[in-house]
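Colleague: Hey, I've just opened this one and I'm new to it. Can you walk me through it?

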Amino acid sequence: MIDYQIQDQIAIIAFNMENAPMNVLNEESIKAFDEATSKAIEDSNVKGIIITSHKKEFVAGADLNMLLKNATLEQGYEMISHLHKVFRKYEACKKPVVAAINGTALGGGYEVCLACHYRIALNDPKIQIGLPEVLIGLFPGGGGTQRLPRMIGTEKSLPLLLEGRKLNPEKALKEGLVNELAYSKEELLEKAKNWILANPRALQPWDELDKKGNVVGVQSYKVPGGNVQSPKGVQTFIAGTALLQGKTQGNYPAPQAIMECVYEGLQVSIEHGLAIEAKHFARISQTKEAKNMIRTLFFAMGEANKGAARPKDIPATDVKKVGILGAGMMGAGIAYVSAVAGLEVVLKDVSLESAEKGKDYSRNLLKKELEKGKYTQEQVETVLARIKATADAKDLEGSDLVIEAVFENRDLKAQVTQEAEAFLTEKAIFASNTSTLPITGLAEASKRPENFIGLHFFSPVDKMMLVEIITGKQTSAYAIALSIDYVKKIKKTPIVVNDSRGFYTSRVFGTYTSESITMLSEGISPSLIEAAGKGAGMPVGGLDVSDAVALDLMYKIYLQTEKDMGIKITDTADGKVVKKFVEELGRVGKKDKKGFYEYPEDEPKRLWSGLAEHFPVAKEQPSLEEAKKRILYRQVLETIKCFEENVVTNVRDADVGSILAWGFPPYTGGALSFVDYIGIENFVKEADRLADTYGERFRPTARLREMAQKKQGFHG
Ligand code: NAI
């Protein structure tokens, strides 16, 4: 668990959790770590302590199960206060303690280092250092909100704490998170030892010795860059609070608590500051938001990443060669992520020139990575050498998987399917990256429809983590298994859904834009609509995102749906608006610099001034809360329908997919967890009220009503 060794009168304490996949802080490791540090402190022959790890990572973070176990505020407070005591003991032991950061040190792992007197990191660009707790609704409760700002100042530390940024060692050095870099493991230990020898009486700058020689926190410690109450400090907090409100819209309690911890804690001694942090941490870890975010963003996403949806009894395939048809925006992106993951890639387009243009996308991204120091020139060349740009379908031979990303045209897709299959073995899987065309229909062009599947990537492919895997009527379990093996290999998150118009993610996302546009047609002020979208926690306003998608594309999908389903969508409130924008006004969105917004050359975009003429703002406006509700409930009700229709088959995939695909607000836990967040009985009541006011699209389903009667949510 914790290795203990003495070298040259220096104790080397190394995390080495043999029975866990990674070094983490949990009850056992904290206990063993406490025993080890105490032993070194008490041993009068020990001059100093080095804290390091014998595994690849330093310490990856705190075990979330440990945090979730606390059922009450008191238990949470006690747990975190105990951790503070363990860290404080070696921080105030009067012997020099150095963190030799040999691998990733995040969250609680980096807080171990913060309590040391000096930090040296191995300069490996893959190592990550930082305090990312806020990303799962928590905050650094192991002293992070107290020690980091005391060390580097409030102005520099607040963005790191509030955004949960992870830095590589070079950046960490620049930001002051570590004091020095080492270039080999040997040098790391050597430098740590030397520092100990040169600093036999180490003390944190925020500590001093009292008359009896005990280490105590300095009441009026001078924070680098100015104290909280200094003019600069006040400015930082005023600007920071406004920025935070803009970003979180008051939906996230954790970042708010970080501000409070830093503000309150830095005005008192470190001991009192830690007590303030413990109090806030206990409260935050009990919030619905933290629990939702941990459940979905950590546990559910972790399960999805491990391939929870994979058919169990099919042996894993090591996908080695992937063919990509169409080197446009999507194909080029898929080629890049596949090559980076080590796959051999054939990137085919109609001409070698177009295919090379697609490969340029990888060249450009890799150049940026090279400049950032993430890759060496040699590594860049190795990745590029994996991509063969071609116009010849014969090069697809030997592919385990072929993904088509040609134009969204059924006949063309049928043609490239057949062209590719001529060179593929019986076992090879053919996938379509279509965004709208049902997979079962596309599979008709295939000789082996059981090997045909949908792999729906999102743009930009290198940044968007989700891949929506769509099964057609005849898709085999083997095709699903291989697709998940591939998605895991390119380090993305797979969800598996059944074939349906718009599949799962596009179908529900469509209700966000549709509800926003419907509100516009009713005379609701466009700025209120956009504020409601963002206020509800969506990343972008509903009209804004419609412009980004392109109104002519939306119109095309409406028309196709009308044709295929025999229903008149262009007669709906939002359909009429979209039709008007495309056919009458010729405003198709961002790509043409005119849509619901206007995009002046040297100024930020703004809502189009002509909107008021075409959609006069009604005298009576709903409250912001009401508009937010419409936006969220509409998406949630559509998700429930997808779930009941077995399009999305489990709560995990529904939640994870909603957050990763279209940015459904994470604080809710996702589009199904939202019901539990509100409480199912309240949700049904509110949905009924919305249905009575705005139409049947808000009416809860019969099954949802039954669940409400039994008081049973999606998580029991
Ligand atoms: P694009 O227009 O950027 O690229 C299409 C590429 O296919 C072009 O380079 C074209 O030359 C090539 N192509 C045409 N015929 C071909 C053939 N016979 N053989 C090989 N290549 C051929 O299109 P984009 O945006 O990359 O979309 C591709 C597919 O991905 C479409 O089905 C689209 O619906 C889907 N999709 C698009 C998303 C987006 O955000 N753009 C998101 C998810 C899916």
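This is a predicted model: local features need pLDDT of at least 70, side-chain atom pairs count only at pLDDT 80 or more; totals for chains, interfaces and linings use all residues.

Colleague: What holds paired strands together in general?

Modeller: Backbone hydrogen bonds do the pairing in a sheet, either parallel or antiparallel.

Colleague: OK, zooming out. Which domains is the protein divided into?

Modeller: Domain 1 covers 2-286, domain 2 covers 321-495 and domain 3 covers 506-709. Taken over C-alpha atoms, the centres of domain 1 and domain 2 are 43 Å apart.

Colleague: What about the sheet with β1 in it, what's its strand order?

Modeller: That's an open sheet of 6 strands, again with mixed pairing, and the order is β1-β2-β3-β4-β6-β9. β1 (2-7) and β9 (180-182) sit at the edges, each pairing on one side only. From one strand to the next, the twist averages 25°.

Colleague: Do β6 and β9 pair in the parallel or the antiparallel sense?

Modeller: Parallel, over 3 bridges, with β6 being residues 118-122. Within that pair, A121 stands opposite L181 in β9.

Colleague: Switching to the ligand. Which residues come nearest?

Modeller: M330, D349, E408, K413 and S435, out of 21 residues around the ligand. The shell divides into 10 nonpolar, 7 polar and 4 charged residues.

Colleague: Which helix gives the most to that shell?

Modeller: α16, with 3 residues. Both α13 (329-340) and α16 (410-421) supply at least two each.

Colleague: Where does the protein come up to the ligand's oxygen atoms?

Modeller: An N or O atom in the S435 side chain is 2.7 Å from a ligand oxygen. A polar backbone atom of M329 lies 3.0 Å from an oxygen atom of the ligand, and for a backbone N or O atom of G328 the distance to a ligand oxygen is 3.4 Å.

Colleague: And how much of the ligand's accessible area does the protein cover?

Modeller: 78% of the 830 Å² that the ligand has on its own.

Terms used. Residues are numbered from 1 along each chain as its sequence is written. Side-chain values use heavy atoms; hydrogens and water are left out. A residue is near a molecule or strand if one of its heavy atoms lies within 4 Å of it. A polar contact is a pair of N or O atoms within 3.5 Å; within protein, one must be able to donate a hydrogen and the other to accept it, and residues adjacent in sequence count only if both atoms are side-chain atoms. Accessible areas come from the Shrake-Rupley method with a 1.4 Å probe; for residues, only the protein chains shown count as cover. Helices (H or I, at least four residues) and strands (E, at least two) are DSSP runs, numbered from the N terminus. Ala, Val, Leu, Ile, Met, Phe, Trp, Tyr, Cys and Pro count as nonpolar, Asp, Glu, Lys and Arg as charged, and the others, Gly among them, as polar. Domain bounds come from an automatic or database domain assignment. Two strands pair if DSSP finds at least two bridges between them. Axes are lines fitted to C-alpha atoms, for helices over the stretch in contact, and angles run from 0 to 180 degrees between N-to-C directions.
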